[in-house]
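This report walks through a protein structure chain by chain and then turns to the places where chains meet. Please keep the sequence and the 3D view at hand while reading.

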Amino acid sequence: MRTSSTLRDCLIALVIFALLAALPIVWPSRGMSDFVIRLAAFGIFATSLNLLVGYAGLESFGHGLFFGLGAYSFGLAMQRLGTSIPAALALTVLLSVVVAGIVGAICVRLKEIYFAFLTLAFQMLLHSLIIAWTPLTGGDQGLTGGVPRPPFLGISLDQPYHLYLFSAGLLVACLLLMRHIVQSPFGYTLRLIRDNPARATSLGINVWGMRLAAFIIAGAFGSIGGVVMSLFVSGAFPDFAYWTISGEAIFMIMLGGTTLFLGPVAGAVMLLMLNDVVTKLTEHYGLVLGLIILLFALGLRKGLADYLAELWQERSAARGAMQLPAAPFAEPSNKLSGE
Amino acid sequence: MLLIENLSKSFGGVLAISEVSLNFTPGSLTAVIGPNGAGKTTFFNLIMGTLLPDRGRILLGGENIAGLSTPAIVRRGIARAFQIASIFPSLTVREALLAAVNAQRQQHARLLARFPLAASRHRAEEIMHMVGLATKANMISRSLSHGDQKLLDIALALVLEPRVLLLDEPTAGMGPEERWHMIDTVQRLWQREKMTLVFIEHDMDIVFKIAQSIAVLSYGRVLAEGTPAAIRRHPAVIEAYLGSEYAAGRA
Amino acid sequence: MDLPALANCVTSLSCIVTQSTSGLIIGMLLFLVAAGVSLIFGVLKIINFAHGSFYMLGAYLVLTVYGLSDSFLLAVITAALGVAVFGLLFERLIISRVYGSQVLMQLLVCYGVILILDDLVKIIWGPEFKSLGMPAAFRKPPYLVGGGVVPVYYLFLIVLTLLIALALGLAITRTRFGKIVRAVAINPGMASALGINTGYVYAGVFMLGGLLAGLAGALAAPVRSIVSGMGLSVVVESFIVTVIGGMGSVAGALVGSLLIGLVRSFGTIGFPLFTEGLMFLLMAVVLVLKPSGLFGREG
């Protein structure tokens, strides 16, 4: 069986968290801590998008809807409702679930390109709402005034290291949860639907219902990415709901690959690093980024992790096995890699 | 088991299926034959609920399933394998069958458990052995040979524990040896599972070898129905489809 | 939200005239861009996200050529042809490589091109807002119709683009070229088997799209500011138009563009901050009720 076990995943998660926790101690650097926190936000967000794109076969252009919604609802909950952070987090997720349920129910019935556009329409609708509803959202200035961070459970997010640990913890926890979902019977049914919706229907599967469930789950996790971002900038900006957020997440997924579970996170690491390095070297960030995107999209035509995984599979097959052996945790390319 | 009464379907004025009435008795093995365009696949589509009939009844074990949705029909015990193998390309044979068994047992939406479910293993392995794909369990479906893909397609249909199994040209696109291997597998399956099996086929050697009864469709109508011997001698069938070779009783 | 202002406007003839004219030019310029997007989708089944960059290039080219030659006519023609050539290069060198790929991959390729072009224009022309200024031929006092203001240039634009729309419509339905394009759109395999060089058709459609978008950018230059990234809102709006009008339909693009143009111009009065939102709402409604759009084919 190509799947790993729950135990193995939990252990890996613990190890990663321990490494992340130790990192600022071993290498104290404000830049590095900031990097990890941003990685947490985008890693969660990109992985949640991949639930839709890579596992369910739903190509959404408007996933940024949830990133923005998460950031703003968390920020507003903290500023206006004065709740505790866990409560605000729970409220945000709840709101995202409701919004995802409504938006999903409308969008999921549509075919590919129309689904993609409608999700984009909803995202830009939110963006317009954010810009227009100045008294609530601060309009194009964003949520100013900072997000209060009352301590909870002995954690005080005003302290940099606590914020760092919290973000890293959320990243690991969300990844672990999404991993579990993807490796559950539900996750495999999503793969069935992705590969052959007609056959899945003939097996008695309610394709629309499953897709909607995937959309809701992805939206919920996407909003958690927004929450981390909101904590990081201590506020929220309309950019968080602009279409470029979706574009960047798509790029992260393409860079890192859609078939390995951690592909999107790898892509997030790559894009953030690229971001940092390029902005230091040149003010022509767009030019360099654009060229690199073209290199990937036209050259490799698939994500980096996908490409490497396929190379590895080809090597093992070439080593003379009669059957195609199972690679430990890789899944072969789905249609996203351009086949 | 499966009784078709006066089934009709037209597409914008073209009568694709016209007053088709056929009776598939329980446990029978029937071949549906006829020239291209006779409406054979449309016939299957109507039974499976992929298309809605204009008129007529489709009685499965006495219950009229005409007009029901495909999932509802599938739940009542009819399954179908496709002319062009309809499989799940990126999953391995084992994964695909395990996931399909999950669906059949209504366990496919579970979020808390881990895949694969222990309770589904037995049935998945059993089916893999039945169709002869056990040695290729870990192969990714898209990398299977054409013949093996069709076997997988049939395996996926078997997951549903159907009372009636519809096979749409199971040997299409295969070379002579593969063809007999396939039909051999089909026959063994039929004997073992005691299901009512209906298959569309163009290879008359195969049809006359294993079919218990034959239904001949032509231009959307039933031209004839009966035992292989009777069909072989049927003048209209000979004229429309078989030619004199089969009439003479070439085995 | 400022509903009283909107109510005032629709009950005043002068306001209706002014806003409708404004809406018409927004719509007509948008039509030139959207027609290209729609055609490219109809024939190639590709969403050209980079179409806004074609528009932007048209504006910058007209700026340069007008600055050098002082002839608006020459500048517009050069700009349109220049972008047509760019469209050809874009198709041959870049987009044709991802024809079979998933939509997200095509989106990514276009995103890359947009990023590159946005930076390139900043490098070549500078990051500031530029403006062309009204060409001498149109520096006349505006017409007053029913008390409303109709600038001379606006009138010129509307008439010109209507003529182009007519020409385009005729070209597609009556000429041999149009027949070939439609054949390839419906069944490329068959068209190819009948001896039509689909590669030429694809390149040709991109050239036409580039021509129209470049023309739009050039014609818009006197009345819009020219800056890096100006293609973005145009391309987003042209998608809304193609969705509303129906992918692949030029008539749909015309109707959709005019609709959006009017929504924009009257919407700015009633919903100054939410105008974009209105358009997305409209698109969402169309997608829910009839996904293939007003003039689109089902499925």
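Predicted model: local features only at pLDDT ≥ 70, side-chain atom pairs only at ≥ 80, totals over all residues.

## An open sheet in chain B

In chain B, the strands β2, β1, β4 and β5 lie side by side in that order and form an open sheet of 4 strands, with antiparallel pairing. The edges of the sheet are taken by β2 (14-24) and β5 (63-64) of chain B, each of which has a single partner strand, so one side of each is left without a neighbour in the sheet.

One position to look for is B:Leu2, which stands opposite B:Leu60 in β4(B). Helix α1 (residues 40-48) of chain B lies across β1, β2 and β4 of chain B, and runs at about 70° to β2(B).

## A parallel pair in chain B

Strands may pair through backbone hydrogen bonds in either a parallel or an antiparallel manner. In the parallel sense, β6(B) pairs with strand β7 (residues 164-168) of chain B over 4 bridges, and the bridge partner of B:Ala79 in β7(B) is B:Leu165.

In a regular strand the side chains alternate between the two faces of the sheet. Strand β6 (residues 78-81) of chain B can be read in this way, for B:Ile78 and B:Arg80 point one way while B:Ala79 and B:Ala81 point the other way, and all of them are buried.

## Chain B as a whole

Taken together, chain B has 10 helices and 10 strands. Its radius of gyration is 18 Å, close to the 18 Å that the globule rule gives for 251 residues, so chain B is as compact as a globular protein of that length. Along the principal axes, the C-alpha atoms of chain B fill a box of roughly 60 × 40 × 30 Å.

Of the 251 residues in chain B, 47% are buried. When contacts between residues at least 6 apart in sequence are considered in chain B, 65% of them join residues at least 24 apart.

## Chain C as a whole

Chain C contains 12 helices and 2 strands, and along the sequence these elements follow the pattern α-α-α-α-α-β-β-α-α-α-α-α-α-α. A compact globule of 299 residues would have a radius of gyration near 19 Å, and chain C, with 19 Å, agrees with this. The C-alpha trace of chain C spans about 60 × 50 × 35 Å along its principal axes.

Buried residues account for 53% of the 299 residues of chain C. Among contacts in chain C with a separation of 6 or more, 77% are between residues 24 or more positions apart.

## Two packed helices in chain C

Two packed helices are described by the angle between their axes and the distance between the axes. For helix α11 (residues 250-270) and helix α12 (residues 275-289) of chain C, the angle is about 145° and the axes are 9 Å apart, and the crossing of α11(C) and α12(C) is right-handed. In this contact C:Ile260, C:Val263, C:Arg264, C:Gly267 and C:Thr268 of α11(C) meet C:Thr275, C:Leu278, C:Met279 and C:Leu282 of α12(C), and by class these residues are 5 nonpolar, 3 polar and 1 charged.

Leaving aside neighbours within four places in sequence, the contacts of C:Ile260 are C:Gly27, C:Leu30, C:Glu237, C:Ile240, C:Val241 and C:Met279. The C-alpha atoms of C:Ile260 and C:Leu281, which are 21 residues apart along the chain, are separated by 11 Å.

## Where chain A meets its neighbours

Between chain A and chain B, 31 residues of chain A are in contact with 36 residues of chain B. On the chain A side, the elements that give two or more residues are α8 (185-195) and α9 (197-202) of chain A, and α8(A) provides the largest share, 8 residues. This side of chain A has 14 nonpolar, 12 polar and 5 charged residues.

The contact between chain A and chain C takes 36 residues from chain A and 33 residues from chain C. Here the elements of chain A that give two or more residues are α5 (112-132), α11 (243-256) and α13 (285-300), with the largest share, 14 residues, coming from α5(A). The residues on the side of chain A that touches chain C divide into 26 nonpolar, 6 polar and 4 charged.

Terms used: Residues numbered from 1 in each chain as written. Chains lettered and ligands numbered in written order. Rg over C-alpha atoms; globule rule 2.2 N^0.38 Å. Buried ≥ 20, exposed ≤ 12 C-beta atoms within 10 Å, placed from the backbone. Contact = placed C-beta atoms within 7 Å. Axes fitted to C-alpha atoms, helices over the stretch in contact; angles between N-to-C directions. Left-handed = near helix turned anticlockwise from the far one by under 90°. Nonpolar A, V, L, I, M, F, W, Y, C, P; charged D, E, K, R; others polar. Pairing = 2+ DSSP bridges.
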